[in-house]
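Here is a short note to read beside the model. Please take the points in order.

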Amino acid sequence: MSNRRAMLTMTALHRAVLRLTGNRLGRQLGSMPVIELTTTGRSSGLPRTAILTVPHREPLPAGRSGERLIVIASRGGDDAQPAWYLNLAAEPLVQVAAHGEHPQPYRARTADAGERARLWPLAVRAYRGYAAYQRKTAREIPVVILEPVETRATGAVGSGP
């Protein structure tokens, strides 16, 4: 089975477990919370949803409430970038939902070199498999930072998992 097919199969099974158990099972993988990240398809313009783990969360900078979510575009160490990553690179406004909650608006960006140097070890500490994925591929696996977007109506920010 190709890596792409394996990833799609695992995602479909995970989604089914979440749905069948009313989000009671599958909300966490190990110590990592699970989110649904909805991007806009870069070719189709249609919503595309991926299920991802969050190996690290941190408070937003001073003066803003909420959390930054860190996700890893590993695709199991495949040489190709995940489709969800390519989508958010083309359109960084995304939706994030956790624990069966309503999706909230977030802005996605790839961590710069300094941020990656700080965040990558934290992700590997949460899941050692990321280090093995990095050894498996020639591409540098992107670290993605998701920050809640303020809503104009309330001035509030989207809430994380």
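1. Start with burial. A residue is buried under 20% relative accessible area, exposed over 50%, and partly exposed in between (1.4 Å probe, protein chains only). Tyr127, at 32% relative accessibility, is therefore partly exposed. Trp120 is buried at 13%. Tyr130 is buried too, with a relative accessible area of 4%.

2. A word on the source. This is a predicted model, where local features need pLDDT of at least 70 and side-chain atom pairs count only at pLDDT 80 or more, while totals for chains, interfaces and linings use all residues. Residues are numbered from 1 along each chain as its sequence is written, and side-chain values use heavy atoms, with hydrogens and water left out.

3. Now the overall layout. The protein has four helices and eight strands. Both are DSSP runs numbered from the N terminus: helices are H or I with at least four residues, strands are E with at least two. From the N terminus, the order is α-β-β-β-β-β-α-β-β-α-α-β. Of the 161 residues, 41% are buried.

4. Which strand is largely enclosed by the rest of the structure? It is strand 5 (residues 67-72), because five of its six residues are buried. Strands pair if DSSP finds at least two bridges between them. Strand 5 pairs with strand 4 (residues 56-59) in the antiparallel sense, over four bridges. There, Glu58 stands opposite Arg68 of strand 5. Strand 5 also runs antiparallel to strand 8 (residues 143-148), again with four bridges. Val71 has Val144 in strand 8 as its bridge partner.

5. Next, the aromatic rings. Rings of Phe, Tyr and Trp (its six-membered ring) pair if their centres lie within 6.5 Å; planes under 30 degrees apart are stacked, over 60 edge-to-face, and the rest tilted. By this rule there are five aromatic pairs. One of them joins Trp120 and Tyr130: 6.3 Å between centres, 50 degrees between planes, tilted. Trp120 lies in helix 3 (residues 113-126) and Tyr130 in helix 4 (residues 129-136), so this pair ties together parts that are ten residues apart in sequence. The rings of Tyr127 and Tyr133 have centres 6.0 Å apart and planes at 55 degrees, so that pair is tilted. Trp120, Tyr127, Tyr130 and Tyr133 form one aromatic cluster.

6. Finally, look for a charge at Trp120. The charged end of Arg116 sits over the Trp120 ring, 4.4 Å from its centre. The rule asks for NZ of Lys or CZ of Arg within 6 Å of the ring centre and within 35 degrees of the ring normal.
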